[in-house]
Structure formats: C-alpha cells, structure tokens
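Dear colleague,

Please read the notes with the structure open beside them.

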Amino acid sequence: MKRQRGFSLLEVILAFALMATGLGILIAILSGGLAQVRNAGDATEATLHAQSLLDTVGVLAPIEPGLERGDFDDGRYHWQLEITEAEDPAPRGESGAGTAPIESVGLQPAGAPVLYRVQLDVSWGEDEVPRTLRFATLRVRYPTPAGGAP
C-alpha cells in the first residue's frame, strides 16, 4: 500500500483555529488603536477651541470675575469659563499712605494690578464616555479708576 502525503483533518482545523484567534487579536488591537486616534483628535480639537477662547480673555473681552458657559461646534463641545480673583504672591508693603483696598485681595498700593485665575473646562462625549479637559492660567488687569474711565 502507498502512504498518502498531506494534512489530516485535525491539523487543518487546528491551523484554522490558530489563524482565527490571531486575526481576532489583530482586529481588537487595530480597533483599540483607532479609538485612541479618535480620542486624540477630539482632545486636539477641544484644545484648539480652548486656546481660541482663552486668547480673547483680557484682549477682546474684559477680565471680570464670574462664570460663563457656552458651546463649540454646534453643541459638540461644552465649555465653562470661571474667572476668580487670585492672591498676588508679591510681598505687600505696609498699610498707610498710598494704599487702598482693591476688591477682595486686601491692601495694595493704589493702582496696582489685580491678578485673576482663569479656569476653562471643555467637555464632550456625553453619549459615550464623558471627557473633560481643564485649562488654567493667570491674567492681570489694572483696576478701573474711581472716575469710571479705564
């Protein structure tokens, strides 16, 4: 009798099972990578929107303590801007002539600039996993003189 050469049915089934497992793992890795690329793109877009909004604070819009909210990209990104007065780290002089209370910081020389903390939160993805980026910076403005004209 001649012996036939080739693969047995068991070897073929095992090869297909190994190939299916390997392809499944590869697809899972690729889909995870695509999700990371999409998340990175969303975060980059949120950062660009935040930068454009923060650039206007103190330039196109006055620095006033308070809370503002809004949307970017037809409601895809939501933002919340909070401006609060910050404690000036510079050492203060003695109270006396030439000092006056400036808002809530305390006694400072009259006409001294006031330091503000500007915090911007940008969020997106309420349908899926909610994401939020927080940006914080300090801005300075001179107080409005008592006469009212800046």
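**Salt bridges in the model**

Please keep in mind that this is a predicted model, with a mean pLDDT of 82 for the chain and 79% of its residues at 70 or more. Among the elements, strand β2 (residues 77–85) has the highest mean pLDDT, 95, whereas strand β3 (residues 99–102) has the lowest, 53.

The count of salt bridges comes to 3. Arg76 pairs with Asp42, their closest N and O atoms lying 2.5 Å apart; because Arg76 sits in the loop between β1 (66–72) and β2 while Asp42 belongs to helix α1 (residues 9–56), this pair ties together parts that are 34 residues apart in sequence. Arg76 also meets the side chain of Glu45 in a salt bridge, at 3.6 Å from N to O, and since Glu45 likewise lies in helix α1, that pair ties together parts 31 residues apart in sequence.

Elsewhere, Arg134 forms a salt bridge with Asp121, with 2.7 Å between the closest N and O atoms. This pair links strand β6 (residues 131–141), which holds Arg134, to strand β5 (residues 114–124), which holds Asp121, the two residues being 13 apart. Here Arg134 is exposed, with a relative accessible area of 58%, while Asp121 is buried, at 14%.

With best regards

How values were computed:
Residues numbered from 1 in each chain as written. Predicted model: local features only at pLDDT ≥ 70, side-chain atom pairs only at ≥ 80, totals over all residues. Heavy atoms only, no water. pLDDT = per-residue confidence, 0-100. Helix = DSSP H or I, 4+ residues; strand = E, 2+ residues; numbered from the N terminus. Salt bridge = Lys/Arg side-chain N within 4 Å of Asp/Glu carboxyl O. Buried < 20%, exposed > 50% of the residue type's maximum accessible area, 1.4 Å probe, protein only.
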